[in-house]
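Please look over the sequence and the structure shown here before reading on. The report that follows takes up one topic at a time.

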Amino acid sequence: MTGYVIRQTRTYYGPAETKSLVLRDDGQHALTFATLREAREWIDGANSERYYQANNEYGRPEYKILPANRLPAYLETYL
């Protein structure tokens with residue numbers, strides 16, 4: 001698969017963090033973008049909206065754009 005996906009890192013008190021791909025509305029497959037620009041625009045939009053923290057979470061997620069064809073094995077299952 002070509003294109004880009006976004007990995008989000010959520011940090012919790014403890015300390016602990018989770019890394020996962022941003023998912024489509026179905027909650028099972030990664031949201032994919034054809035260009036870097038589209039992915040950056042999604043991140044800009046997400047950062048401008050109100051964010052509700054999960055229990056024990058201490059901030060907004062951090063986002064990183066990754067090429068969809070070079071994902072770590074633990075994230076490939078979401079494509």
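## The largest pocket

Which element gives the most to the lining of the largest pocket? In this predicted model, that element is helix 1, which supplies three residues of the lining. Strand 1 and helix 1 are each the source of at least two lining residues.

The space in this largest pocket comes to about 210 Å³. It is lined by 13 residues, and those closest to its centre are Gln 8, Trp 42, Ala 46, Tyr 51 and Tyr 63.

Helix 1 runs over residues 36-48, 13 residues in all, and its first and last C-alpha atoms are 18 Å apart, close to the 18 Å expected at 1.5 Å a residue. Its buried residues are Ala 39, Ile 43 and Ala 46; seen down the helix axis, the buried residues fall within an arc of 65°, so they line one face of helix 1. An α-helix has 3.6 residues a turn, so residues three or four places apart point the same way.

On the other side of helix 1, Arg 37, Asp 44 and Ser 48 are exposed. The cover over the buried residues of helix 1 includes strand 1 (4-12), strand 3 (32-33) and strand 4 (62-67).

In soluble globular proteins, nonpolar side chains tend to be buried together. Here the largest nonpolar core has seven residues, namely Val 5, Leu 21, Ala 30, Leu 66, Ala 68, Leu 71 and Leu 75.

Terms used. Residues numbered from 1 in each chain as written. Predicted model: local features only at pLDDT ≥ 70, side-chain atom pairs only at ≥ 80, totals over all residues. Heavy atoms only, no water. Helix = DSSP H or I, 4+ residues; strand = E, 2+ residues; numbered from the N terminus. Expected span 1.5 Å × (residues − 1). Buried < 20%, exposed > 50% of the residue type's maximum accessible area, 1.4 Å probe, protein only. Arc of directions from axis to C-beta. Contact = heavy atoms within 4.5 Å. Core = buried A, V, L, I, M, F, W, Y, C linked by side-chain atoms within 4.5 Å. 1 Å grid on protein atoms, 1.4 Å probe; cavity = no way out; pocket = protein on both sides within 12 Å on 5 of 7 lines; lining within 4 Å. Points joined across faces, edges and corners; volume = space filled by probe spheres on them.
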